[in-house]
Amino acid sequence: MMKNLPIAALATLAATSFQLNATALPADIEWISNNNEPLFASEEAVRGGTYRTYIPSFPQTLRSVGPDANSGLRQYLMDGTPKLAQRHPNTGKWIPQLAKAWAFGDDFKTVYFQLDETAKWSDGEKITADDYVFMMKYYTSEDIIDPWYNDFFKTSIVGVEKIDDYTIKVNLAVAQSHDSLMVLINMPSNGFQPRPEHYFDGEKDENNDGMPDNFVRKFNFKTEPTAAPYFIDKVKKGKSVTFKHVGEDWWGYNNRYYKNRYNVNKVRITVIRDQDIAMKHFEKGNLDYFEMVLPNLWHDKTGSDGYKKGYIQKYWGFNQSPQGAGGLWMNTAMPMLDNLEVRKGIMAATDYDGMIENIMRGDYSRKPHGLGFGHGEYDNPDNTPPKFDAAVAVKHFENAGFDKVGSDGIRVNDKGERLSFAITYGYNFLTPRVAYLKEQAKLAGLDFTLNLVDGSSAFKYVLEKKHQLAFLNMGSGEIPAYWEYFHSDNTNKPQTNAHTNYSSPELDKLIETYDNEFDQQKRYELSRQIQKYVGDANVIVPGYMVPYTRYAHWRWVKIADDGMTKNTEWILHPMDIGNFWLDTSVKKETEKAMKSGKAYPETTVIDDRYKLSAN
């Protein structure tokens, strides 16, 4: 019997058993690291200082999952924290984060990762394969009370297997191209990041699923160790949250892509509930920067002495981050909108360019295509938005039978139908934008009426397919999604994103082939074919996008001359690119100058290296 075996024999048997059960690496595995891409952080950066910003409300939890977790701290606790790999922000290649190399299985469902052995949690414990295995228990546990993560880590991620302490195998449910597999695993928002198993050891777990039974309540204002450069250091409930840098020995600085980034020692986030009050705090020097994406802030609120005397500087950096589908969606299930000539006329009669120039001060940019922008080779580089041309619109309307003009200037057909459509939109601040489109459309004999439906109710209205035209932009991931918008499985059904109700058997086939294609070059070509097909259907007037980051900041906040990258969305957010720093000597110099009345040159920096050439 086994109980009579010598200890040495038992040890040998245990080792043999583990080897038989352990996951093995393929014999011909090819590891990828992409560790020679160009660096993008500044060698001028210095460490130090407390960075001061604000949020409009105190978070209801410091958890990163579960009820109320989608708060103003999400970028610090989830989206901005290290994943296994990330896109290089300029070249687009995958580069190391918590993994130093990766490889793909032959089934297009499997990815292997070699973990960085130097990676540690903020409490000093090592990050190992066990933390990724535990991650699956964490996210599939009903104790976290988060159905989205429960579903994603049960239906999209089949499992994570430990090969050794620093090697894991990730199994996904659906076969996809290598690039798509990496996107699914490393999306900032999907939560695929290790979880500290040691932190939850000893907690009550009666249902034996690996997570504390009272997780949501007990850990509501506790913070897990993090792999990020900053951890929560101090919390003043209702008032502020302070993050502290792990220090010079943060594991990330062993990775060449992390050097000279995340340079401030602390980030203090104060609750200021009103934007106008927050701006006053900023102009008094109590905050280090202030976001100014909206045109009225940038153009109308930056004329005080702080700006004129150069104490406060302005920064405008353009990016090419992915932009989702959107603009003016035409519901082809509605009368008259099923006519291609009518849709072509609307396309030519909708003056987005004029709206951008006259209402948005020329700050925004036009989407090249109704299906979005910024997806690299998935996008056709020749995509261009239609130009406003009332004469062209009139010809299309006449071809559709609207060859008469009523006493009010709106075109009618032989049936007496007016060429009139309601534009549904969700927020009052959009009214001047939609009203501009209405006035310009009259030049072609087209009537746009304004249908303001408040907030989230507007999106529900569109989901229920009650709209004729919808003034709406959707979000986007790195890879464009087409099935949800145009496959016939979704058209003419409520609660789907098929806002145009347009589909065709040929388009269905293109989308299905695109979704199942493993060869990356073929997938790029299919994407471009789909974009052309949808463009020819004339169902979305390409709208506007905001491809920039824009701030006012005190002159002691330093951004390198080439600080922007193609994919920098918030250059002064501590958990975005992290490519800025504080110069404490300049702060002292500036505070002294303010007391004496000394002025510096008024400064506005515009980094337009990644601005679309068409704009």
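This is a predicted model: local features need pLDDT of at least 70, side-chain atom pairs count only at pLDDT 80 or more; totals for chains, interfaces and linings use all residues.
Local features need pLDDT of at least 70 and side-chain atom pairs count only at pLDDT 80 or more, while totals for chains, interfaces and linings use all residues. Residues are numbered from 1 along each chain as its sequence is written, and side-chain values use heavy atoms, with hydrogens and water left out.

**View 1. Helix H3 crosses helix H4.** Helices here are DSSP runs (H or I, at least four residues), numbered from the N terminus. The axes of H3 (residues 129–140) and H4 (residues 147–156) come within 7 Å and cross at roughly 135°. Those axes are lines fitted to C-alpha atoms over the stretch in contact, with angles from 0 to 180 degrees between N-to-C directions. That makes H3 oblique to H4 (under 35 degrees is roughly parallel, over 145 roughly antiparallel, 65 to 115 roughly perpendicular, the rest oblique).

**View 2. Side by side: the residues where H3 meets H4.** Met 135, Met 136, Tyr 139 and Thr 140 of H3 meet Tyr 149, Asn 150, Phe 153 and Lys 154 of H4 (contact means heavy atoms within 4.5 Å).

View 3. Over residues 94–482, the chain is 26% helix and 22% strand (strands are DSSP runs of E, at least two residues). The end C-alpha atoms of this stretch sit 24 Å apart.
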